[in-house]
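Please read the points below with the sequence and structure open.

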Amino acid sequence: MMLEALVLLAERKGLLDDPSFGKRPVHYQLRISDDGRPLELVPLGEARRGLKLEVPVAPKRTVAVTPAFLVDNAQYVFGLPKKKKGEAADQRATDRAADCLAAFAVEMLAAADSTGDEGLLAVRAFLYRLQANHAAELMRITEMDADHEWTGDECIAFIRDGDGTTCVHDRPAVRTYWRDRRNTATSDGVGQRCLVTGRMASAARLHDVVKRVPESQSSGATLVSFNAEAFTSQHLEQGENAPVSQYAADGYVRALNWLLEKEGERRFRSGVAVGPESVLLFWTREDNSTADVLLALFAPEAANDEDLRASFDAAWKGLAPRDVDATKFYALTLSGNASRVVVRDWLESTAAEVKASVRRYFDDLALDGDDGPLSIGRLLRGLEARPGAAKDKRGVSSTLSTRLMSSALRGAPFPRELLHAALARLRVPPSEREWRGTLRARVALIKATLIRLHPDQEVTVSLDETNQSVPYLLGRLFAAVEKLQADALGDVNASLRDRYFGSASATPAFVFPRLLRASAHHASKAESEGRGWAERIKAEIVNRLPAEGAFPRTLRLEDQGRFAVGYYHQRQAFFTPRSRPDSEATI
């Protein structure tokens, strides 16, 4: 079960040691006296960008005024109107800030009265002073860091003077109060069996948000949510429709946010972007190196082929399945839809099975002339339309990208749509900058798709001189006539590949007679300049074609794929240095 696996990950990483507290960026610590006077405003982090501290978990916010406990943004803590940098706050923002400050004060006054804690009493005195003379007190506070342009989004924590560096929310009595307060506030008090843990507990009404999911709101999106009457039944409201305990809800959300965090140069801690709209996350139940290996092999942000090759060599040695790799392996693909998190794929396997599938995946993609493995990013960029195309037509759909990665991890056949997408891109005349980097990726995907769809039909890594398949031979023949044109004319504005590749691979009977007539002229000119090897190759390929049906009227999709592979193999052979003279060259 997906949520159960995420909760187990949160427990293993210590993310649930104290569920009522979690890490959050805090920009300032405000030191206050016992009588509530603001003494010092301490900026945190480099360039006031904040420092992650363990603070009381903030509530899930909508448009309603909902204060957090003790640590919140300046709109709630100071009543500072929110605004964009360089702009002035409008009256609507000013009115809302006043409401936010009032709601925050009510929460703090209740906490101070309930606990009698000295830190909370100091915060209560501060709020009394602030509300009694708001404009003057607010100016006094903000001028403590006059160089900063305040927007209202700054997160503030309190320190009582005399407590050193201990924040008020870290005082033992305050922590105990908040735990009790949250446990009663987040449920309806009615015991239900948790769908994740199986234990009886009160169901969490609202689940927290997951952040950094592609195509979701910057404020985060929810995985489990019932916010409309159409989603409910039997008079159940909110989380009662899918009873998940607060402990489990905290666990799966924290695990997802931990996996999605940026780490160093990685865009995600344990995941890779699958196209612009999805992210693939993976982890193991017990500590295992498999996830790190996959990050090295699939990472789309690999700096260059040399870096990827180094990562591949280092990781490949440990990729062979071993008995100790019986640990569970999980892979989850997510994308966003505004305020919702969409689960596109879920895999539960073992580390050994996934390693075997990934080894096969790279074997199927291998082509002659490879300078290293192809990252998922390179493969998907190979399916993009030419630069300048409309955004919605520039790349493959997130569904197709997800299915590609699912097939790689499961060892399953690639979707046939990949074959169509790769062939469609090959028919578009490429720019010089685009061509060298994408031809290999497109043909590699075609080769791997053919192998997976038709495992009984071999598709080799390099030129197969014994292959009698008509589509494969026609692909080689097209490469030969293209080479003849290049030998005879050099660079031209529109090459044979630019003008005829799509029609030659789809309707050979209508194109190849014309190509062969033109190649005779090119051959005579190339021969006169001492470059006749391509003509001899062309003749030998033609002799291998059958007497009847050499040029079919149409080729079905798989045969168009074999045409592309034959073209790539023969083209690569032309660029491979020969050890024999032209007179001894064979196909």
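1. Does Arg-175 count as buried or exposed? Arg-175 counts as buried, at 13% relative accessibility; buried means under 20% relative accessible area, exposed over 50%, and partly exposed in between (1.4 Å probe, protein chains only).

2. This is a predicted model, in which local features need pLDDT of at least 70, side-chain atom pairs count only at pLDDT 80 or more, and totals for chains, interfaces and linings use all residues. Residues are numbered from 1 along each chain as its sequence is written, and side-chain values use heavy atoms, with hydrogens and water left out.

3. Arg-175 forms a salt bridge with Glu-54, the closest N and O atoms being 3.3 Å apart. A salt bridge is a side-chain nitrogen of Lys or Arg within 4 Å of a carboxyl oxygen of Asp or Glu. The pair links distant parts of the chain, 121 residues apart: Arg-175 lies in helix α6 (residues 172-185) and Glu-54 in strand β4 (residues 51-56). Helices (H or I, at least four residues) and strands (E, at least two) are DSSP runs, numbered from the N terminus. Glu-54 is partly exposed, at 36%.

4. Asp-287 and Arg-12 form another salt bridge, with closest N and O atoms 2.5 Å apart. Asp-287 is exposed, with a relative accessible area of 66%, while Arg-12 is partly exposed at 31%.

5. The axes of helix α8 (residues 290-298) and helix α10 (residues 351-365) come within 11 Å and cross at roughly 15°. Axes are lines fitted to C-alpha atoms, for helices over the stretch in contact, with angles running from 0 to 180 degrees between N-to-C directions.
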